[in-house]
Amino acid sequence: PSAGIPVKLYTDSRITCGGLDISWGPIMKSCMPRFKESIKKVIPPPKSSSSEVAPEPLSWWDNVRFFVHGSISVSANHLSFCWLLDSHIFRDRSIIFNLQNCVISHTVGFFGVDASDINISIPGTGYDMSVHPSERDMKPSVH
C-alpha cells in the first residue's frame, strides 16, 4: 500500500451465535480508558507532519466507522442486554432485555432489530429509584 493512505476494510459481515450476553451502564465508564487504549493498538495512527496542527482525535467508535465500511448483522438464538444501574454484581437491580431469535442489522442509513420474543425487566418497588446510586452507597444501612 502507498504511504499515507489509511487502510480501510470493506465488508459485508454476518456474525451468528447461540447466545450473546451484553452488559453496559454508567458504572462501566471507568473501564472505557483501558478499552480505548486497546482499540488504539489495533487501529493505525494518523499520518502526522511536524508543520501541521494535530487534529483532535476521534472517539473509538468514529475510528472504527472510518476504517470499516459495509453492512453488518449479528444474530443470536438468545440475546441478553443488561443496563447496569449501579452495580455489575446485582443483575436484579438492572434493566434487562431478553430477546429470542434476534437479528441486529446495520448498513448506511439503516439500523434494525428483529426478534420473535422480547422480555423487558425493570427493577420493582424493592429498588429505590428515588435515590441516585452514587448517594445510595454513602448512606449508612440500618438493620
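## Starting at phenylalanine 97

Let's begin with one side chain: phenylalanine 97 is partly exposed, at a relative accessible area of 29%. On this scale, buried means under 20% relative accessible area, exposed means over 50%, and partly exposed lies in between, using a 1.4 Å probe and protein chains only.

A word on what you are looking at: this is a predicted model, in which local features need pLDDT of at least 70 and side-chain atom pairs count only at pLDDT 80 or more, while totals for chains, interfaces and linings use all residues. Residues are numbered from 1 along each chain as its sequence is written, and side-chain values use heavy atoms, with hydrogens and water left out.

## The chain as a whole

Three helices and seven strands make up the secondary structure. Their order along the sequence is β-β-α-α-β-β-β-β-β-α. Both kinds of element are DSSP runs numbered from the N terminus: H or I over at least four residues for helices, E over at least two for strands.

The chain has 143 residues, and 17% of them count as buried. Its accessible surface is about 11300 Å², with 61% belonging to carbon and sulfur atoms; such areas come from the Shrake-Rupley method with a 1.4 Å probe, and for residues only the protein chains shown count as cover. Among contacts (heavy atoms within 4.5 Å) with a separation of 6 or more, 60% join residues 24 or more positions apart.

## The aromatic cluster

How many aromatic pairs does a search of the whole structure find? There are two. The pair of phenylalanine 81 and tryptophan 83 is tilted, at 6.4 Å centre to centre and 40 degrees between the planes. Phenylalanine 81 is partly exposed at 23% relative accessibility, and tryptophan 83 is also partly exposed, at 31%. Phenylalanine 81 and phenylalanine 97 form a tilted pair too, with 6.2 Å centre to centre and 45 degrees between the planes. This pair links distant parts of the chain, joining strand E4 (residues 72-84) to strand E5 (residues 94-107) across 16 residues.

The rule behind the pairs takes rings of Phe, Tyr and Trp (its six-membered ring) with centres within 6.5 Å; planes under 30 degrees apart are stacked, over 60 edge-to-face, and the rest tilted.

## Asparagine and cysteine

Strand E5 also holds asparagine 101. Most residues other than glycine have a negative phi. Asparagine 101, although not a glycine, has a positive phi of about 50 degrees. Asparagine 101 is partly exposed, with a relative accessible area of 48%.

Is cysteine 102 buried or exposed? Cysteine 102 is buried, at 2% relative accessible area. The closest cysteine sulfur to that of cysteine 102 belongs to cysteine 17, 9.3 Å away, so the two are too far apart for a bond. With a disulfide taken as two cysteine sulfur atoms within 2.5 Å, the count comes to zero. Cysteine 31, for its part, is partly exposed at 34% relative accessibility.

## A nonpolar surface patch

Which residues form a nonpolar patch on the surface? They are Ile118, Ile120 and Ile122, which together have about 320 Å² of accessible area. Isoleucine 118 sits in strand E7 (residues 117-121) and counts as exposed, at 55% relative accessibility.

Patches take residues with over 30% relative accessible area and no salt bridge, joining like charges within 9 Å and nonpolar side chains (Val, Leu, Ile, Met, Phe, Trp, Tyr) within 5 Å. A salt bridge is a side-chain nitrogen of Lys or Arg within 4 Å of a carboxyl oxygen of Asp or Glu.
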